[in-house]
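Please look over this structure before reading on. My notes come after it.

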Amino acid sequence: MENEQLFASEPELDARARARATPTETDALLSPLASGESPPEHAHDRPRWRRPSIWWLLPFSLLFTLGLGGMAVPRINLIMSLICRDYLAEKSTQDPGFTFFPVIFGDDNSQCHIPQVQSLVAQFQLYLNLIAGILSALVSPRLGHLSDRYGRTKMIAMGAMGAVFNEIITAIVATWPEQMSVNWLLVGAILDGVGGSFTTAQALCHSYASDCTPIEKRSVAFGFFHGTLFFGIAVGPGAAAFIIKYAGVLPIFYIALALHAMFCVSVLFIVPESLSKERQLAAREKHRLKPVDVDAPRWYSWRIWNPMNLITPLAILTPAVGRPSVLFTNHRGASPALRRNIVLLAAIDTIIFGIALGIAQIIIIYAEYMFNWGNVESSIFIAIINASRVINLFVVLPLISRLFRTPVKNDGSIRGSDMLDVVLIRFSVVFDVLGFVGFALSKHPSVMILSGVVASLGGMGSAILQSSLTKHVPHERIGQMLGATGLLHALARIVAPTIFNLIYSVTVATMPQAVFVFLAGIFGVAFIASLFVRPHVTLERSEFESADIRVEANDEG
């Protein structure tokens, strides 16, 4: 099973592989190189200004995220207009006496602010998320593997082409809404998913950064890419609101298409490749020489496409206690406290990521339904929330860490989360609870906006949880850990929007706030789980190095 090979292996084989520093598919997609090399070996053969650097990729990544942010609200309103038009037309055919005002895309269309249309829109969003999420979960690891053999920039551009084709279809539908069916947007979701969607593009950008950044600076480089994502999502809606106010909504679709196309072309033809030709050829040769298993199932076999293969790699998040495991090859394996912390942190991280991704569009639909907001008001609302998140991540969190975090000796031992990590995780979840309770109780737009700002303060939780998880495994296992949590995020992208859209579509006519009450309860469960996370769970380096030394000694004869 390919997915099993990505994240898991027998401890002895894993130790040998690490000793030889052979990169894996997961490392290529999600993690820094275990060898800790600095710039690529071919960098010095180029002029300084043409050497691979994150500063080549960051500006073009910002274009991509600006397109994502700017399209958030107009895309939802396009879907609402098309579904409302079809619903009212069907109702008029069933009841000849029923009359309605024409639905005009870009206008307020107050006749569409009814529970029946809201429910249909939520269901359609569910279909879009399912299609893109399932396809991206299947495609992401394969693009990561290909990037190891054919270069990062080619695969980033190839993945971005899916977003470009999606924007082309969306722009066509927005230009001729009277002649186009809303189902064309499902075709766009298929193309977006085949390209891996934005989550794969972000992960491949991290691979590029890991190739050309010294190991001690990689966390900063990754932070820059996260910053461009949040900045684009924050500024994009505000810029879209300004353009809509003075030029109408249609130009937004063509601007987003242009931004995504510029990203694709720039990465392919301008950004220097971070992997040398020698490394690419070596990876291709290694792949070509891989022994062929005559009994291996064909690509069309059910054994390959069995959905259960997706969740098999998650077994590494529950390391064995009292015996060796993939993460801990020492004789005694993980301690009970270490295993409990890993399971709880991964679960809380998945909850926070899934809710953040799955509820975003419902918040927009709900606010427009409750307060009769249009494109401009919704875009400003999203811009305020994301601007608060950016300030929280780039000002508040670094300031707290600078004032209260104490230096830790970097001797390779596992130190676990410190008390500051645990406290910040708990406070982040509390802010999320307060924000969603505010959404449910808001009767005025100002309360809705304030609740969004409070909920955005919990945005630091995801970053701290990811950082804390890496503190609970040996350094050479960080890639496997991030790969497994990345798979959890992909699955959350499928499951969370499905559940939330179903809840909203079923309850919008009677109690539209029900979804926020439900999610506040889920965050409450996450807070209770965070109370069982113990700080300073340690495992000395000598304890998990001894097993590797024995394996390597046996390997040498």
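This is a predicted model: local features need pLDDT of at least 70, side-chain atom pairs count only at pLDDT 80 or more; totals for chains, interfaces and linings use all residues.

1. Residues are numbered from 1 along each chain as its sequence is written, and side-chain values use heavy atoms, with hydrogens and water left out.

2. The protein chain has 20 helices and 0 strands. Both are DSSP runs numbered from the N terminus: helices are H or I, at least four residues, and strands are E, at least two.

3. Of the 557 residues, 52% are buried (under 20% relative accessible area, 1.4 Å probe, protein chains only).

4. The largest nonpolar core holds 100 residues. Such a core is a set of buried Ala, Val, Leu, Ile, Met, Phe, Trp, Tyr and Cys residues joined through side-chain atoms within 4.5 Å. Phe328, Ile359 and Met448 are among those with the most contacts inside it. Helix α13 (residues 336-371) gives the most, 18 residues. Domain 1 (49-283) and domain 2 (310-539) both contribute, so this core lies between them; the bounds come from an automatic or database domain assignment.

5. A second, separate core has 27 residues, including Met155 and Phe225.

6. How far apart are the end C-alpha atoms of α13? They are 50 Å apart, which agrees with the 52 Å that its 36 residues should span at 1.5 Å a residue (1.5 Å times one less than the number of residues). Asn372 follows α13 and has a positive phi, near 55 degrees.

Note on methods
Buried means under 20% relative accessible area, exposed over 50%, partly exposed in between (1.4 Å probe, protein chains only).
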